[in-house]
Amino acid sequence: MSDLAEGKEPLEWKTRMKIAEGAAKGLEYLHSSRDTPIIYRDFKSSNILLDENFNAKLSDFGLAKIGPKEGQEQMTSRVMGTFGYCAPEYAATGKLSTKSDIYSFGVVFLEIISGRRVFDTSRATEEQNLIDWVCSATKLVHASE
Amino acid sequence: MKISCKEFCVQTVAVKVLNRDGAQGTREFFAEILMLSMVQHPNLVKLIGYCADDSYRILVYEFMANGSLETHLLGMMTENSGVDLTLQKHIVDYATLTRFYLCQT
């Protein structure tokens, strides 16, 4: 099911959840430690680094942005980020908020639990886009209920 | 790579050398320094130092032994290497290190 190389052991569930929790804490700190939040804008699995104990640390802040100002929920910005992880409403309108990072976190979380990358052209057409694949799988579950 | 800061600590670091071409890279380089100097948290990578001398654009981070999450998801880590190949690629020699302005942290 996963994109793991043959013979390679996947990360244990406990380790995966530890990584997800650490990355979430880093993101929460950026969003809430100051009066004006920092929007990371590039939350993706290649930017989450792991120390010797698999503690997650966010890296690469080149696209990070300060804002929006207090009392405002969103700001307008030139669309930057990585295709696949970028929130659709931000990609379409340029309206940026901390929620854009939360969408990206959701994508990474799906990668963590599925072991699949967000885009994988080596798969069957209907499974190449992880988000679409999960959405269709979810619909199937609901339909069978 | 191990470098000495004063006589007391020896620390393994990761070094990122930026492509010297393009305004975009320079903007992101200074944004990275600005952001990382404003924040401090166990779940954010620590910036140890940087170099912005002439056209050199170099960032020095704490070393992360298990690489990136992506390499684990995709099984790209080499057996027992424990080193993210993208970081390994950026490690430079001591001659370049002499150009660093190491922040005292």
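Author: The model is a predicted one. Contact between the chains involves 32 residues of chain A and 21 residues of chain B. On the side of chain A that touches chain B, at least two residues each are supplied by α1 (13-32), β2 (48-50) and β3 (56-58). The largest share of that side comes from α1(A), with 7 residues. Sorted by class, the side of chain A that touches chain B comprises 17 nonpolar, 7 polar and 8 charged residues.

In soluble globular proteins, nonpolar side chains tend to be buried together. Here the largest nonpolar core has 44 residues. Those with the most contacts inside this core are A:Ile19, A:Ala23, A:Tyr40 and A:Ile48 from chain A, together with B:Val13, B:Val60 and B:Tyr61 from chain B.

Within chain A, the domain assignment gives domain 1 (13-114) and domain 2 (118-145). Their C-alpha centres are 23 Å apart. To the contact between them, domain 1 of chain A gives 6 residues and domain 2 of chain A gives 5 residues. On the side of domain 1 of chain A that touches domain 2 of chain A, the classes are 3 nonpolar, 2 polar and 1 charged residues.

Note on methods:
Residues are numbered from 1 along each chain as its sequence is written. Chains are lettered from A and ligands numbered from 1 in the order in which they are written. This is a predicted model: local features need pLDDT of at least 70, side-chain atom pairs count only at pLDDT 80 or more; totals for chains, interfaces and linings use all residues. Two residues are in contact if their C-beta atoms, placed from the backbone, lie within 7 Å. Helices (H or I, at least four residues) and strands (E, at least two) are DSSP runs, numbered from the N terminus. Ala, Val, Leu, Ile, Met, Phe, Trp, Tyr, Cys and Pro count as nonpolar, Asp, Glu, Lys and Arg as charged, and the others, Gly among them, as polar. A nonpolar core is a set of buried Ala, Val, Leu, Ile, Met, Phe, Trp, Tyr and Cys residues joined through C-beta atoms within 7 Å. A residue is buried if 20 or more other C-beta atoms lie within 10 Å of its own, exposed if 12 or fewer, and partly exposed in between; C-beta atoms are placed from the backbone. Domain bounds come from an automatic or database domain assignment.
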